[in-house]
Amino acid sequence: MIHKSSASRQMFVLFNTIFLTLITVLAIIPFVHLLAISLSSNTAAMSGEVKLWPVGFNLDAYIYLGEKVEFLRSLRVSLERVVLGTAVNMFLVFITAFPLAKSNDKFKYRTVYVWFFAVTMFFSGGLIPTYMIVKNTGLIDTIWALILPGALNVWNMVLMLNFFRAIPKELDEAATIDGAGHWRVLWQVYLPVSLPSIATIGLFTVIGHWNVWFDGILYMNSPEHYPLQTYLSTLITAINSQMSSMSLDQLKALENLSEKTLRTAQIFMGALPIMLVYPFLQKYFVKGMTVGSVKE
């Protein structure tokens, strides 16, 4: 039997649809504006003529970025960092959250260990001591200097811990009765039923590795080892100095390229990979944010 919704319900759905559509449009407009500026001529961009559509359409900013060997090299470093960093981060989160998710009677002093990790969320060793540790361990100018200092994200570990605690204890007990050890319980019982939480934390980790730029400047002596965001942050200064030494023919070839068009192009390209990945993880992300909110 089909029940017709009331008029008030229909009005509520209509209002929500319109409201959420407006919110979506407001969130997309800034990216469209950035894209339009990056595809516009220098004159139109600097005069503020560009709104949501390119004026004097050209691809000079993207061609300039794509033809630079430094850009492609920094992109490779960033991809390497994201792959290795995410793998290390997620592995440490799993093996740390799993025992801390146990009850106090199964893991003695569990609360003490939790507080041991939680304190690091509020207090850090400081920039100089961290740099000295990285330098004295020989990690300077290596990819591991970008990964190991933040190898265990305590916030993500706490999230994963709460996800694990929401898993019914009967699954753990049944696997243990069947002879499974701790490693097998983690990899074959806990992780398969925690895909939403894994996708959520994985997305946070990927975004963190992709967007950070300061540690590239701090730990890399050679620009050849800069990740993409660090390279892009130094690109404006580089192009200004390069243009000052270019010939008239070279400057004419880049007449549509300016600090503003290049800056918007690099911002858009820096955000593009995350925008492409997020839709595929969205359904897991939404589920992961609600797992553990309902208690038994």
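Twelve is the count to start with: the structure holds 12 aromatic pairs, where rings of Phe, Tyr and Trp (its six-membered ring) pair if their centres lie within 6.5 Å. The model is predicted, so to speak of local features takes pLDDT of at least 70 and side-chain atom pairs count only at pLDDT 80 or more, while totals for chains, interfaces and linings use all residues. Residues are numbered from 1 along each chain as its sequence is written, and side-chain values use heavy atoms, with hydrogens and water left out.

**Aromatic rings**
- Phe164 and Tyr190 have ring centres 5.3 Å apart and planes at 85°, so this pair is edge-to-face (planes over 60 degrees apart; under 30 is stacked, the rest tilted).
- The pair ties together distant parts of the chain, with Phe164 in helix α7 and Tyr190 in helix α9, 26 residues apart; helices here are DSSP runs (H or I, at least four residues), numbered from the N terminus.
- Elsewhere on the aromatic list, Phe91, Phe94, Trp183 and Trp187 form one cluster.

**Nonpolar cores**
- The largest nonpolar core has 24 residues, and Met157, Met160, Phe164, Val185 and Tyr190 touch the most other members; a core is a set of buried Ala, Val, Leu, Ile, Met, Phe, Trp, Tyr and Cys residues joined through side-chain atoms within 4.5 Å.
- At least two residues of this core come from each of α4, α7, α9 (182-190) and α10.
- A second, separate core of 21 residues includes Ala61, Tyr226, Phe268 and Ile274.

**Two residues up close**
- Not counting residues up to four places away in sequence, Met160 touches Val93, Phe94, Ala97, Ser194, Ser197, Ile198 and Ile201 (contact means heavy atoms within 4.5 Å).
- Asn156 sits in helix α7 and counts as buried because its relative accessibility is 5%.
- Leaving aside neighbours within four places in sequence, Asn156 is in contact with Val93, Ile201, Phe204 and Thr205.

**The largest pocket**
- About 910 Å³ of space lies in the largest pocket, a pocket being an open set of points on a 1 Å grid where a 1.4 Å probe fits, with protein on both sides within 12 Å along at least five of seven lines.
- Its lining (residues with an atom within 4 Å of a point) runs to 35 residues, and Leu148, Pro149, Gly150, Ala151 and Leu152 are the closest to the centre.
- Elements giving two or more residues to that lining include α4 (69-100), α7 (154-165) and α10 (195-211).

Key. Points joined across faces, edges and corners; volume = space filled by probe spheres on them. Buried < 20%, exposed > 50% of the residue type's maximum accessible area, 1.4 Å probe, protein only.
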